[in-house]
Amino acid sequence: MKSIIRYPMKLKLQQLVLYSALFAAVAHANHAMEGPPIAIVHVFASGENGIFANAYFVETAEHVVAIDSTLLESTSRALHEQIVALGKPLQAVLLTHGHPDHYNGVTNLIAGAVIDVIATADTDRVIRESDAIKEKLWTPVFGAEWPKHRTFPNRILPDGDSLIIDGVTFTVHLLGPGESHADSYWVMNDGHRKVAFIGDVVIHGAHAYVTDGHTAAWLRNLDRVAADLKDVAKLYPGHGESGGLELLDDQRNYLREYRNTVRSLAHGQPALTELQKKELVAHMTTFLPTKNLEFLIPLGADSVAAELATEVK
């Protein structure tokens, strides 16, 4: 049996009038909506220094809900400032998966307040198991921008369970291994529309992180998400611009091309030579002509080669 966490809504009459007027204006500007929404999705897009990681914050009648929290000290502080500027308290932080560019900034985001940081049990486990390793690996790269104090989930939500904040429902769906060792996505339903915060199920407009070595599972996840989210109005990815189901097609095509290219270069071996990695970079930057996260192409080559070698056996 699925559980639902309900957060109380205490809206004063004057606030209700003002808030209704605000959302009436939003609805008027969006002719595709059948009625006025009761939630506004705000996008925080990190730049190149923050590896283009997205965080989102949803404005409800009285509160704010954040989805992910960015990588760096500077980006997470800027995200916090944008939320504070709304004049509504942060009620919860929802995490999509356990990569640092999505949970590193939680400490700055909550700024010492007692706030629910919610994830699936698998995402929580991945964060706790890999955090020290990631810190050791990436602190020399990011220096003082790497948050010294990181906050882990303090509330676990099982697959398919929901929380309701001011009448807006957020439901978590566990995917398992994919882009990370434990992916999940959140569907928001405000009574008028559904949108999905899909984490790194899609890395849009940039080269993909495949180093965790689950590209076959990632492809299966894409098929599942495409089937599950047919009635969703918009997908909000972990990196890049939002869009529709075509984002899933683009990610699927990229992963297939990457896998096929590694397969042809590796000839069944579990790793590529440095020369082969250069060939891989040349090919993938032709396939997706952008420099965004290009460094990830050779970084994941051996992981995918090893994965493919196992599949052959």
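Predicted model: local features only at pLDDT ≥ 70, side-chain atom pairs only at ≥ 80, totals over all residues.
## Salt bridges, within and between helices

Let's start with Ala 233: at 56% relative accessibility, this residue counts as exposed, where exposed means over 50% relative accessible area, buried means under 20%, and partly exposed is in between (1.4 Å probe, protein chains only). Ala 233 sits in the loop between H6 and strand E12 (234-239). Helices (H or I, at least four residues) and strands (E, at least two) are DSSP runs, numbered from the N terminus.

Residues are numbered from 1 along each chain as its sequence is written, and side-chain values use heavy atoms, with hydrogens and water left out.

Now to the charged pairs. A salt bridge here is a side-chain nitrogen of Lys or Arg within 4 Å of a carboxyl oxygen of Asp or Glu, and searching the whole structure turns up 17 of them.

Stay with H6 for a moment. Asp 228 pairs with Arg 224 in a salt bridge whose closest N and O atoms are 3.1 Å apart. Both belong to helix H6 (residues 215-228), and their spacing of 4 residues puts about one helical turn between them. Asp 228 is partly exposed at 38% relative accessible area, and Arg 224 is partly exposed too, at 32%.

Helix H2 (residues 73-85) holds another pair, Arg 77 and Glu 73, which are 4 residues apart, about one turn of the helix. Their side chains meet in a salt bridge at 3.0 Å, N to O. What about burial? Arg 77 is partly exposed, with a relative accessible area of 41%, whereas Glu 73 is buried at 17%.

Which residue forms a salt bridge with Lys 277? That's Asp 302, with the closest N and O atoms 3.2 Å apart. This pair links distant parts of the chain: Lys 277 is in helix H8 (residues 274-287) and Asp 302 is in helix H10 (residues 301-312), 25 residues apart. Lys 277 is buried, with a relative accessible area of 12%, while Asp 302 is partly exposed at 28%.

Finally, there's a group to pick out: Asp 131, Glu 135 and Arg 150 are joined in a network of salt bridges.
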